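Subject: Handing over the structure with its ligand

Dear colleague,

I am passing the structure on to you with this message, and below it you will find my notes on what turned up when I went through it. Please read them alongside the coordinates.

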Amino acid sequence: PDLDDPTTDPFDVAAAAAEYIAAKTGVSGHDVALVLGSGWGGAAELIGDVVAEIPTADIPGFVKPAVEGHRSTTRSIRIERPDGAVRHALVLGSRTHLYEGRGVRRVAHGVRTAAAAGCETVILTNGCGSVHIGWRPGQVVLLKDHLNLTGQTPLEGAKFADMTNIYTPRLREIARSVDPDLPEGVYAQFHGPQYETPAEVKMASLLGADLVGMSTAVEAVAARHSRMDVLGISLATNLAAGISPTPLAHEEVLEAGRQAGPRISDLLAKIVKQ
Ligand SMILES: Nc1nc2[nH]c(I)nc2c(=O)[nH]1
């Protein structure tokens, strides 16, 4: 079934993808899904043992990577919890952004596939800009709510889904039990691909946003509609446009991502093992 065909039900494609993943990984049901945004790539190996790895592009509904050579893999990871219980994590190998112009169905396909694979929880991570001068590159922030400024939704038809507590309070408490210093913030998703103008950053801030990015909110809406619990964690890799009096050196942004890598991967691994 083809997601680009309007007569296709996107949930049928998610079911086909989940069946494919179960068959190829040999893991019949997964419990928690992870979407690793920029800077978060190193977390998978710290979480547990990779029991299977499959090319993401071969899974129904997932597209060939935009940039050839970035062949991503989707991994099934076995987690042994302190109490001996075993959980299976599905680390999705790719994320489609709205700005790729492949349609909002593809943006939501990963989380819908995770739900169809049995996941009751999805952890959405991202790299983003901070509207607070005190939240420097490298700052990790727990999402407490979002502003979907994209004008788009993954839900088709009269799906009047409740979005209260879209970022599950219980999961935020678990994350804070791992790192009590984690601040919470509101994430505003812009369509992109351009970064915000200083005026747009000011607007987002006046609307209550602490972070600006180009992912996560639309995925969270789809995840909530699919009745998954959602934990959103952002890595502020830069100060949003207009916040810093001096233009941020791109090297500082890259360095912040590199330095934060081990620390945030360790944090994520600890949270998942709770
Ligand atoms: N919209 C938006 N997305 C981002 N992603 C990263 I990394 N930094 C930014 C940013 O400043 N704005």
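Predicted model: local features only at pLDDT ≥ 70, side-chain atom pairs only at ≥ 80, totals over all residues.

As for the ligand, the residues around it are Gly127, Cys128, Gly129, Tyr195, Glu196, Val212, Gly213, Met214, Thr237 and Asn238. By class, this shell divides into 4 nonpolar residues, 5 polar residues and 1 charged residue. At least two residues of the shell are supplied by each of S5, strand S8 (211-213) and S9, and the largest share, 3 residues, comes from S5.

Which polar atoms of Glu196 and Asn238 face nitrogen atoms of the ligand, those of the backbone or those of the side chain? For Glu196, a polar side-chain atom lies 2.5 Å from a ligand nitrogen atom, and for Asn238, a polar side-chain atom is placed 2.7 Å from a nitrogen atom of the ligand. With Gly213, by contrast, it is a backbone N or O atom that lies 3.5 Å from a ligand nitrogen atom. Of the 330 Å² of accessible area that the ligand has on its own, the protein covers 88%.

Thr25 is placed in helix H1, and it counts as buried because its relative accessibility is 11%, under the 20% cut-off. A polar atom of the Thr25 side chain lies 2.7 Å from the backbone oxygen of Ile21, while the side chain of Thr25 also reaches the backbone nitrogen of Val27 at 3.1 Å. Not counting residues up to four places away in sequence, Thr25 touches His30, Ala52, Ile54 and Ser76.

Thr74 is found in strand S3 (residues 73-80) and is likewise buried, with a relative accessible area of 2%. The side chain of Thr74 makes a polar contact of 2.9 Å with the side chain of Thr56. Beyond residues up to four places away in sequence, Thr74 touches Ala52, Glu53, Ile54, Thr56, Ile59, Leu90, Val91, Leu92 and Gly93.

Is Phe160 buried or exposed? Phe160 lies in the loop between S6 and helix H4 (169-178), and it counts as exposed because its relative accessibility is 78%, where the cut-off is over 50%. The C-alpha atom of Phe160 is separated by 25 Å from that of Val32, a residue 128 places apart from it along the chain.

With best regards

How values were computed. Residues numbered from 1 in each chain as written. Heavy atoms only, no water. Near = heavy atom within 4 Å. Polar contact = N/O pair within 3.5 Å; in protein donor to acceptor, adjacent residues only side chain to side chain. Areas by Shrake-Rupley, 256 points an atom, 1.4 Å probe, with all protein chains shown as cover. Helix = DSSP H or I, 4+ residues; strand = E, 2+ residues; numbered from the N terminus. Nonpolar A, V, L, I, M, F, W, Y, C, P; charged D, E, K, R; others polar. Buried < 20%, exposed > 50% of the residue type's maximum accessible area, 1.4 Å probe, protein only. Contact = heavy atoms within 4.5 Å.
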